[in-house]
Structure formats: structure tokens, C-alpha cells
Amino acid sequence: MNLRGKTALVIGGEGLLGRMMTKLVRELMGIAWSLDINPMADVGCDVTDIKSLERLAGRFPNVDIIINGAVGNQKPVAQPMLGWEQDI
């Protein structure tokens, strides 16, 4: 597989899975932008804040791939099905 010339936005790109997804896109010759609240991200962005998202408008005119790796970084629980509504 080759992603040469393709641009990917990896939301949550500095999380455990996000870093792997960003790395994979780059290994496949694509352009990957890490979007995250973590200061190490290529682009700082809080996807839970509409103003943060509005600041991105027009910054990436040619996006081919969007990967959502953003999570709430929940703490482990004994019964994961309890409280799932809070994650939505």
C-alpha cells in the first residue's frame, strides 16, 4: 500500500494508538498531521471545543484521510459496560 501524495489528519495523534497511526501513514509515504491537545502534536486541537475546531478551518484544504484516535483516556474499571454513556 502506498499513500504517496495523500494527506491524513490523525485526531488524537499523540495518544498510544494515534502515534502508531501517524507513524504508519508516514511509513506509507503519506503526509500525516497529528492533531491533539498534547503540546507535542503537530497541531494543537481540542476536538471537544468548537472554537478550537473553527481555528482549523481552511488550514488543511486537501485532506484525503481523517483518522479519529481521540479518546477520553478513561481509567480502567471492573465493569466497563457500566457508565458507557459518559464516554459518548
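Reader: In which strand is the place of Thr 7?

Author: The model under discussion is predicted. The strand that spans residues 7-11 includes Thr 7, and this strand is β1.

Reader: Is Thr 7 buried or exposed, and which residues is it in contact with beyond four places in sequence?

Author: The cut-off for a buried residue is under 20% relative accessible area. Thr 7 has a relative accessibility of 13%, so it counts as buried. Leaving aside neighbours within four places in sequence, the contacts of Thr 7 are Ile 31, Trp 33, Asn 62, Val 63, Asp 64 and Ile 65.

Reader: Why is β1 largely enclosed by the rest of the structure, and which residues cover its two faces?

Author: In a regular strand the side chains alternate between the two faces of the sheet. In β1, 5 of the 5 residues are buried, so the strand is largely enclosed by the rest of the structure. Both faces are covered, with buried Thr 7, Leu 9 and Ile 11 on one side and, on the other, buried Ala 8 and Val 10.

Reader: With which strands does β1 pair, and what is the order of the sheet?

Author: β1 pairs with strand β2 (residues 31-36) in the parallel sense over 5 bridges, and Ile 11 stands opposite Leu 35 in β2. With β4, β1 pairs in the parallel sense over 4 bridges, and the bridge partner of Ala 8 there is Ile 65. The open sheet has 4 strands with parallel pairing, in the order β3-β2-β1-β4.

Reader: Which strands have one side left without a neighbour in the sheet?

Author: The sheet is open and has the order β3-β2-β1-β4. Each edge strand has a single partner strand, so one side of each is left without a neighbour; these strands are β3 (43-44) and β4 (65-68).

Reader: What is the relative accessible area of Met 20, and which residues form a nonpolar patch with it?

Author: Met 20 belongs to helix α1 (residues 16-27). Its relative accessible area is 48%, so it is partly exposed.

Technical notes. Residues are numbered from 1 along each chain as its sequence is written. This is a predicted model: local features need pLDDT of at least 70, side-chain atom pairs count only at pLDDT 80 or more; totals for chains, interfaces and linings use all residues. Side-chain values use heavy atoms; hydrogens and water are left out. Buried means under 20% relative accessible area, exposed over 50%, partly exposed in between (1.4 Å probe, protein chains only). Contact means heavy atoms within 4.5 Å. Two strands pair if DSSP finds at least two bridges between them.
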